[in-house]
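Welcome, and please have a look at the structure below.

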Amino acid sequence: MENQEKMDRFMPMFEHFRAELDEHHDRRERITKASRDITAASKKIIFTLQRVQTLNQPIPQHAVKANKQYYDAITAQVSAVSMDLQGLNAWRYNRQITGGCQEWMEAACFQHYLETASLLSHDDAAQKLKELDPNGPGIRLSPEDWVLGVYDMTGELMRFAITAMATSGELPSIKSPSSSEAMDVDNAATRQQRNVLTDMRGLRAALEGLDTGFGPFAKDASMKMRVMQTSVEKVEKALYGLIVRGAERPKGWMPEVEGGGGRAVEVEG
Amino acid sequence: MAVNSDGMIESGIFESLQRKIDDDSAVKDALRDIVQELEKQGKEDALFFVCSTDRHRSDNAVHTLKSSLHRIRRPYVSQPCSQQWQLTANTEVAVPSVVSSAQANIDREVQTIHKLSETASKEPYYKFNYAWTRQIQDACSSILLCGWLGGFGKSLAGQLLTIEDVGQAMGVPVNLKDRDAFHLTIEEYLQALISLLDELARLARNSVTLGDYRRPQLIAQFIKEVHAGFQILNLKNDTLRKRSDGIKYRVKEVEDVVYDLR
């Protein structure tokens, strides 16, 4: 009997720990689930956007309509967990929410590029994410999530460029106000007009120029760096193939891409 | 950074990002220096592992908590048998000197923890806590061991310092929820508690070797109680869960020692 009493010496302490840990695990699970749902919806938004064939123009109505349900899903998830991600907890659960934030950033950044042919800045992206929770405090978009989302977005630019080359036989270009004609691919090498590839190269240079220091972020960034570089090279190879084969390409021809669009498979995963 | 202004990238975007990364790197550098200092001080608590395998080193080694603890001998070691339990008085005398020298070492660690707390509290706690959590766990387990041996105002051996006691010893808040500052977390305390049990399981065997036959019983009782506590926790599949799964083996180890003494 006395032994049993002694066995209970630490029980109140452990009961307190249990309550605290349960609260923590429940919150973590809610955030993980929301992050997964945000990721899934963002991927679907990207699929729809990949069917858009215009650049530097508003997203066509069919795509806007198709994506509405996914935007709504993201808004619902963000509102559901924004209270769990305030103060101390913003960084505590960063690992749980970062996946969703990055994927959302990738989608938002890709859409912004299709609409405006420019890169969505961190401030603007953070503002957009905050607006998804109009009645709450919103979720914070860390600079790290922003960069990692930009890395992934280059993969979308690669798919967009290659799809365009396969279907229309040319690299999507950004028409400067002076030239109204679509760029002729045969002159691509000699003309300095902006196109998806020049933008990808600009992004690549900017990302390569970043000194990410050390730590978990540097590790993530260096992994994505390789994928990003491969994406740029895939478009370069595809453009080379397009120039060399030129008009000879048979119907249904696809640009030769080493690795059979491995990145595209990854995105779908 | 060469970014053409007429390209897709508005100028300044990556420059301001680089500044943020550089600021973080400066914080990480400052933290790393402090954590390395703490790590060095903490290692002195764990010299026993070196001492027990390396004679040369043990001659010069700083006599710190764990190294001294496992070597405390009674002047006269008699045959192990149950009647010898009353002869443990000598060890009881010897331990306070270990505790006081250990506490002096811990005091130095606490100074470093204050420095860490000051620097770390300027940043979001969980942004960088990966940089120090292991060293803080080690410091916490040294404090727990010292407390178990009768240090930190626990005049009796076999007592457990609570997370609040450890926080007080470290001079930092514990389990903070309402504000973002440096603190000791429940997970860190529990990890340190498991390390304490690992250490006590060794101590149970080594106590017998050194002629102390009462301490294993005290340890067995203590480990069983803590084990019962861990069993009511709903742990997820993480490192805490994995390590706490090992407690039952410590229970058995120490019970075997107690059984051998019967």
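B:K43 and B:E39 sit four residues apart in helix α1 of chain B, about one turn of the helix. Helices here are DSSP runs of H or I with at least four residues, strands are runs of E with at least two, and both are numbered from the N terminus. The side chains of B:K43 and B:E39 meet in a salt bridge (3.6 Å, N to O). That term stands for a side-chain nitrogen of Lys or Arg within 4 Å of a carboxyl oxygen of Asp or Glu. B:K43 is exposed at 52% relative accessibility, and B:E39 is partly exposed at 22%. Buried means under 20% relative accessible area, exposed over 50%, and partly exposed in between (1.4 Å probe, protein chains only).

Before going on, please note that this is a predicted model, in which local features need pLDDT of at least 70 and side-chain atom pairs count only at pLDDT 80 or more, while totals for chains, interfaces and linings use all residues. Residues are numbered from 1 along each chain as its sequence is written, chains are lettered from A and ligands numbered from 1 in the order in which they are written, and side-chain values use heavy atoms, with hydrogens and water left out.

Over all chains, the count comes to 31 salt bridges.

| Pair | N to O distance | Relative accessibility |
|---|---|---|
| A:R9 and B:E225 | 2.9 Å | A:R9 36%, B:E225 0% |
| A:R92 and B:E187 | 3.9 Å | A:R92 21%, B:E187 24% |
| B:K43 and B:E39 | 3.6 Å | B:K43 52%, B:E39 22% |

Next comes a helix of chain A. In helix α6 (residues 122-131) of chain A, the buried residues are A:H122, A:A125, A:A126 and A:L129. They lie on the same side of α6(A), because they cover an arc of only 100° around the axis, taken from the directions from the helix axis to the C-beta atoms. A:D123 and A:E131, on the other side of α6(A), are exposed. The cover over the buried residues includes α5 (94-116) and α7 (143-168) of chain A, together with α1 (13-43) of chain B.

A:Y240 belongs to helix α9 (residues 216-245) of chain A and is exposed, with a relative accessible area of 57%.

Now to chain B as a whole. Chain B has 12 helices and zero strands, and buried residues make up 51% of its 262 residues. Its mean pLDDT (the predictor's confidence in each residue, from 0 to 100) is 82, and 79% of its residues reach 70 or more. Among the elements of chain B, helix α3 (residues 55-60) has the lowest mean pLDDT (32), and helix α8 (residues 163-170) the highest (96). The pLDDT is also below 50 over residues 74-93 of chain B. Where pLDDT is low, the predicted coordinates should not be read in detail.

Conventions: Contact = heavy atoms within 4.5 Å.
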